[in-house]
Each structure stands twice: as structure tokens, then as C-alpha cells.
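Keep the 3D view open as you read.

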Amino acid sequence: MAVIEVANLHKRYGGTVAVDDVSFAVEEGEIFGVLGPNGAGKTTTVECLSGLRHADRGRLTVLGHDPATERDALRQVLGVQLQESGLPDNLTVREALALFASFYERPAGTAELMDRLGLAAKAGCRYRKLSGGQKQRLAIALALIGSPRAVILDELTTGLDPHARRTSWDLVEQIRDAGVTVLLVTHFMEEAERLCDRVALIDSGRVVAVDTPAGLARRAGQTQRMAFRPSEPLDEELLRALPEVTGVTRHGSRLEVTGTGNLVQAVTSLLARRHVIAADLRVEQATLDDAFIALTGRGRPA
Ligand code: ADP
């Protein structure tokens, strides 16, 4: 059974269609990305999943619960970190965690969580004095305080510097490694590419594609290019015979191979069968960025 299921979600605000028709399923133990430009409908989707907004149409299930009608049960199993924390400025880190812990049947230990999230030294610090990265880590801690089985993280790293962003990425991987299913909302291609097992690409309230980041990049159909120096003489015709290969050129001792699909795998398997080593191997592959442009026909979102 999927941990989170969204089927044909539709939600409008007055005359604005925020989510037109969104469907996806998040499997247990994965980091699932909801990726798309600003205004695509990502936040509205996760607010419906969190029970904060009601869908106009569609079926939503989180660990067997309907977010619209079973909010109390949902809160015990789903942790939510949304963009705005709404915490009072004067609350300390320790107080915020203790307050939130009191809402749950099986809260995690506050000291242990502060340790895990690098907040122990800031336990007595007031919310308004925390840095952007520390506020984000507190928001994650608050999403985890109820020992949830799944967690929604919305635009986790927006506004963070590159170092703090990387720290947050490590944290998300630790959360998944601890057995918590993660739904990650982001408009950063690099973040989705680095973290997500699968991604739903959303544009104008619709799902454009659901796949692994590599699968999406492949669908972009972009030409891939690999270059290497074969350790033994290699008949170029063998490379040309591979269905994935569209071109082979030789530059001195280096071979450059272009193609599509699983090009790298096809070429490296051929080399392995022939006991040829690819020295100085360089691979240029399509990225999620290319996929986004190819699949939506638009410029890159971030
Ligand atoms: P994303 O999270 O992908 O940026 P949102 O779900 O926030 O997208 O927004 C989707 C669309 O719905 C946008 O056009 C946005 O302007 C509109 N929208 C979001 N919230 C509201 C609201 N409370 N009232 C009216 N329109 C809204």
C-alpha cells in the first residue's frame, strides 16, 4: 500500500485553478519530490494532504487516513513542515519542542532531537534570534517531534546559503534512513536530483511526469555524450551497432560517443565484455533541468 495517495486532486480559489488534476502515489521509505515552478500548485497540494485545506475534487489518503475527515489521526502519523512556521518570536527552541511534544501520543525525546538537528547549543535561544538555517532545522525538528511515519517538507532550503542547504539535504537523508517516508516540495532542480528517489513534475496544476530523476532526464531525449580512451584497440563499428549510439568520432586516442537512452550503460557493458577499460571517462548527460524544459516547453524554474 502506498503511504500517500493523491488521485485527481482539484482545488480552486475563487476563479483561480490552483490544482487542476494531480495524481501520484508515494511508496514507503522513499524520498518523493513534488517539483515545479512557483505557482504550479505544489503548496496547495500538500496543504490538502495535511488537512489544512479541503480539496474540491479527488481522493487523498495518508497512511490510510482521509486528511479532510481524520485530521486527529493524521496528525499522529504525518509530520508537516510548512513554509511559514508561525512560531512566537520569544519562544525558545526548547520551549517550542516541549509545546509541540505535548500534542502527540508518542513524542520523540526533545533532547535527542535537538542533538540530531544540531540545535542542542541553541536550546535556550529565542526564535527571533535564530539564523535562517537554524529556523529551518527547528521546523524539521517540530515536524519530527510526533515520531511520524511520513513527513512533508515544503521548500525546505529556500533562502538558505549553499552550506546550510547541504546540511539540510543530509538531514533529509537521515530522516529517510530512519525509516520515515519523505514528501519533499521543491522548485530546485538540483535538490530534487540529489535527494529524490522519484519526482512528480508539476506545471500549471497538472502532473507532467512521474519518474526517477534519471528517468526524467532520459525522457528529455537529450543527446548524451561520453568520451574515453580505450585501454585496447576497439572496433568503432561495435559501438555504432549499439541501438543507443548515434555517433562515434575519434580524436587521436580518444573516442567520443553520442547517443540517447541508456547510452552509458550500453557502452560500458560492451567495453566490459571486450575487457576494455575506459580511461579518462567523461560523461555529459541530460539533467532534470533539461527534462523540465523538454517536458513543459518552458524555461528553467530556478
Ligand atoms: P506553488 O506552491 O507551486 O508555488 P501554490 O499552490 O502556492 O503553488 O499556488 C498555486 C496557484 O494558486 C497560484 O496561481 C497561486 O497564486 C494561487 N493561490 C495559492 N494560494 C491562494 C489563495 N489562498 N488564494 C488565491 N489564490 C491562491
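Predicted model: local features only at pLDDT ≥ 70, side-chain atom pairs only at ≥ 80, totals over all residues.

**From the ligand to the sheet**

The next residue to look at is Thr-44: an N or O atom in its side chain is 2.5 Å from a ligand oxygen atom. Ala-40 takes part through its backbone instead, with an N or O atom 3.1 Å from an oxygen atom of the ligand. How much of the ligand does the protein bury? The ligand on its own exposes 560 Å², and 61% of that is buried by the protein.

Now widen the view to the whole shell. Around the ligand you will find Tyr-13, Ala-18, Pro-37, Asn-38, Gly-39, Ala-40, Gly-41, Lys-42, Thr-43, Thr-44 and Arg-53. Sorted by class, these are 4 nonpolar, 5 polar and 2 charged residues. Which element gives the most to this shell? That is helix H1, spanning residues 42–49, which supplies 3 residues.

Next, turn to the strands further along the chain. Strands of a sheet pair through backbone hydrogen bonds, in either a parallel or an antiparallel way. Here, 4 strands make an open sheet with antiparallel pairing, in the order S11-S12-S10-S13. Strand S11 (245–251) and strand S13 (278–284) are the edges, each pairing on one side only. From one strand to the next, the twist averages 15°.

Within it, Val-248 has Val-257 in S12 as its bridge partner. Helix H10 (residues 263–273) lies across strand S10 (224–230), S11, S12 and S13, and runs at about 20° to S10.

Finally, have a look at a hairpin. Strand S8 (residues 198–203) and strand S9 (residues 206–211) pair in the antiparallel sense over 5 bridges, and 2 residues lie between them. Asp-203 has Arg-206 in S9 as its bridge partner. In the turn, Ser-204 has a positive phi of about 50°.

Technical notes:
Residues numbered from 1 in each chain as written. Heavy atoms only, no water. Near = heavy atom within 4 Å. Polar contact = N/O pair within 3.5 Å; in protein donor to acceptor, adjacent residues only side chain to side chain. Areas by Shrake-Rupley, 256 points an atom, 1.4 Å probe, with all protein chains shown as cover. Nonpolar A, V, L, I, M, F, W, Y, C, P; charged D, E, K, R; others polar. Pairing = 2+ DSSP bridges. Axes fitted to C-alpha atoms, helices over the stretch in contact; angles between N-to-C directions. Contact = heavy atoms within 4.5 Å.
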